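Visitor: Could you walk me through this one, beginning with a helix pair and then moving on to the domains?
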Amino acid sequence: MSTPTCGAQQPGTLPSPFTWWPFAVIPVAGAGLAYVWANGIPIINGIVGASGTVAGFSVLTAGAAGAVAVCVLVFYYAFQADGCIIAAQKGDPICVSGIVEDTTDENSTVVDVLAPFAMGPAGAFDLVVKSMYWNFITKNSFWVFCDSVGASMLPCVIKSETACGGKIGSVVGATVGAVGGVILSYIAAAALGGAIGCAASGPFYLLCLLVVLIVAAIVAAAVAYAGAVIGGAIGEGIAAAANANNPVVNTWEGLTAGDIVTVKGNWVTDPNLGNNELLYTTSISRTGNVGFPPPYTTAQADATPADDCPVAPPAPQ
Amino acid sequence: MSIKLCWLLGLIAGAFTGVLMSLTHASTACCGAPVFPPTFGRLALDGIVVALIAVFIAAALMVLLTHLPAKPVFLLALFVGIVTGLLVGPLAYHIHNPGVAMIVGAILGAILGWLICRLLCGGKLSSTFIPGVAR
């Protein structure tokens, strides 16, 4: 097989599917808000004492709009096909071997704390594979990653069970927070409306109403978001305690550039960039270190000892 | 930067402007409240305020979650918010059902956001800001 070309592999651009979900969410949310505007929210009506088809329910509707927006955001990230709530992209199980070029810790403290529902994988490492495994890098791919000396690399992604816990916790927290947020937003808006005297007549009546509605929406959204953050933090804590001895994560954390490894995982093509990768890595077997710093070449990878992959890779196509 | 960002910002701005402006109409048209027929300018201004609040919150979350550069995202949000609020605000005020106003505002906002990017970037948005490509 000829040496893989670095960068773009195929003419044209990566096929990008139409993003349909906002156009599905908007009508559903619109119908829901229309219902709230006409009828209120059954149990919450009683709790906050909202009545009437207009003034009381309008504030509830504004609060519901803010809460729904946060729920859509949280659910969008939590229900990605990343192997947490929705199964990850199904690929083929493969085994490859080579030299670790670099490792990347993809944890972000800011995201962990402020948006636990959006946490990504634990990290990844780039593997300069032996030439016999080039097929796994180029087949059906739109992009090939290479190091600075042109050796093609296969990204190997490490799953974060902590992130999965955070996502599940965020979904629960956002749902609970949305309900609490609508209640609190109604109370806050009623207090604000009374304080600034929206009932009074005047040319600023419309602006006054708008301020009350904006406050209702923002309070509900803020409480729902706080629920998601708190729920996510709890979920992260539980998941971290339950998965403290994950062998793949522990081995990955100990990897350094130059390590000679045999890796197994789910082989897929990344839908965003078009590169082939392991999503996720299911096994890492470290057998040594080449003893000098990167970058590494394919020839150096080929010179490493025989790996323990059970079968030869398929013939190039 | 993906063109998806443009219409998504427009959709968010339009949806919120639609809901809240429609709700203000519902509240002024009842209960014996005194009616001051709002001018187009007042409705447009109110629409812009709502759209800018929604779109800046959305932009802040986008910067946090996608690691896109903050300045161009907020600049784009400013353009999208002003145009969407200006046009959707007065329109949504006259739609009496907030659910319908939300749907109409969202669709109109998405179209406006897409058009703004076509006009500002000529439809040739760079891929250099796509996270990961530059690695």
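**Helix contact and domains**

Guide: In the contact between two helices, Leu206(A), Leu207(A), Leu210(A) and Ile214(A) of H7(A) meet Arg42(B), Asp46(B), Val50(B) and Ile53(B) of H2(B), where contact means C-beta atoms, placed from the backbone, within 7 Å, and helices are DSSP runs (H or I, at least four residues) numbered from the N terminus. This is a predicted model, in which local features need pLDDT of at least 70 and side-chain atom pairs pLDDT 80 or more, while totals for chains, interfaces and linings use all residues. Residues are numbered from 1 along each chain as its sequence is written, with chains lettered from A and ligands numbered from 1 in written order.

Visitor: At what angle do H7 of chain A and H2 of chain B pack?

Guide: Helix H7 (residues 205-242) of chain A and helix H2 (residues 40-66) of chain B pack at about 15°, with axes 11 Å apart, the axes being lines fitted to C-alpha atoms over the stretch in contact and angles running from 0 to 180 degrees between N-to-C directions. That makes H7(A) roughly parallel to H2(B), a term for angles under 35 degrees.

Visitor: New topic: how is chain A divided into domains?

Guide: An automatic or database domain assignment gives domain 1 (21-81 + 165-242) and domain 2 (88-161 + 244-302) in chain A, and their centres, taken over C-alpha atoms, are separated by 41 Å.

Visitor: How many residues are in contact between them?

Guide: In chain A, 17 residues of domain 1 are in contact with nine residues of domain 2, and on the domain 1 side H7(A) gives the most, with eight residues.

Notes
Angles under 35 degrees count as roughly parallel, over 145 as roughly antiparallel, 65 to 115 as roughly perpendicular and the rest as oblique.
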